[in-house]
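Reader: Could you walk me through one part of this model up close? I'd like to know how the two chains meet.

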Amino acid sequence: MNSSNIAIKQILGDFIQNLPPSQEYLILSFSPGSIPLRQRWRNNCLSADFLADYLSTFFLGNDNQQPDSEKQAEVKSAVSYIANELLENAMKYAVEMSPFPISIQIHLNPDLIIFQLTNSIHFQRTQEFQAHIETLLNSDPEELYIAQLEKNALEEECEESGLGLLTMLNDYGAKLGWKFESLPQDFSEIAVTTMVQLKI
Amino acid sequence: MEIKTENYNVIYDETSQNIIFDGSLRLNGTAEYASISELLNNVAQQEPEKIVLDLKELSFLNSSGISILSKFVINVRKRKNIQMVVIGAKKNPWQGKSLKNLQRLMPSLKLELE
């Protein structure tokens, strides 16, 4: 495939290209080629819960001694939800058995949690995905969300709910951004990084 | 009617008209939610006066699950004469963020967060 004929927009939405170094971060990375992705589904929950539980520890009360348990519960729930949705998306859309790893990174800043999920997708799906992203970025999230729920209710057989990213925007007030990068060794795949910024 | 698994339970108590969810529900897409959808549709078809969705002990729900609950609310809304109550708990922060959308789908729905 000759990828040079098709313009690939590199950055969409709110994407921080040079992430400032943070003291606290975690990265999980795994290869989609080792076992079929669909059999990893249970690991999404385990990974999301681990990331959430680990990060929530850093939320202390005003005295910086005792845990702020309400804040911790909120952070844990939000991180677990967002990480799980990002991993579910990677399971659904990443190129199966690809040598390109799936990775999720979470950076903790004083008032912002930044998630980055990277996976590869089939080159042919790029335009469709970018069109979907443009719709997400250019609509009122609440209207789009309700419209999506109504649409799902009409479609008996729809396999995908299309709600993961929309709930992050609408329910969690998160900012979303994407980076698309071509892979020099394989023109049939393209690397996509999804960034989610969650204010805390 | 009930569905019991290692990670979650869904039970319909006909006398109290409560549908009780507990545990953590993060299944893969519509297909894996089929048995839960069937249970919910069965309850809607019986057209009880009132349906209480008790989610107090449901610690997590993924977006596919949110879609299933929304479908159910729309199904109940179509039947007009059913009073719908959703009970959540503040200890599950996702409920404070996501359950209000059910009310947007069905303005007469009563949402309680304990």
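How many residues of chain B are in contact with chain A, and how many of chain A with chain B?

Author: On chain B, 24 residues are in contact with 26 residues of chain A (contact: C-beta atoms, placed from the backbone, within 7 Å). Four helices of chain B each supply at least two residues to the side that touches chain A: helix 1 (29–32), helix 3, helix 4 (93–98) and helix 5 (100–105). Helix 3 of chain B gives the most, with seven residues. Sort that side of chain B by type and you get seven nonpolar, twelve polar and five charged residues (nonpolar: Ala, Val, Leu, Ile, Met, Phe, Trp, Tyr, Cys, Pro; charged: Asp, Glu, Lys, Arg; polar: the others, Gly among them).

A quick word on the model: it is predicted, so local features need pLDDT of at least 70 and side-chain atom pairs 80 or more, while totals for chains, interfaces and linings use all residues. Residues are numbered from 1 along each chain as written, with chains lettered from A and ligands numbered from 1 in written order.

Now for helix 3 of chain B itself. Twelve of its 16 residues are buried, so helix 3 of chain B is largely enclosed by the rest of the structure (buried: 20 or more other C-beta atoms within 10 Å). Among the buried ones are Ile66(B), Leu69(B), Phe72(B) and Val76(B), along with Ser67(B), Ser70(B) and Lys71(B). After helix 3 of chain B comes Lys80(B), which has a positive phi near 65 degrees.

What does this helix meet in chain A? Helix 4 of chain A (residues 141–154) packs against helix 3 of chain B at about 75 degrees, their axes 9 Å apart (axes are lines fitted to C-alpha atoms over the stretch in contact, with angles from 0 to 180 degrees between N-to-C directions). The two helices are therefore roughly perpendicular to each other (65 to 115 degrees). Helix 4 of chain A brings Leu149(A), Glu150(A), Asn152(A) and Ala153(A) to this contact, and helix 3 of chain B brings Ser67(B), Ser70(B), Lys71(B) and Ile74(B). By type, they divide into three nonpolar, three polar and two charged.

Key. Contact = placed C-beta atoms within 7 Å. Parallel < 35°, antiparallel > 145°, perpendicular 65-115°, else oblique.
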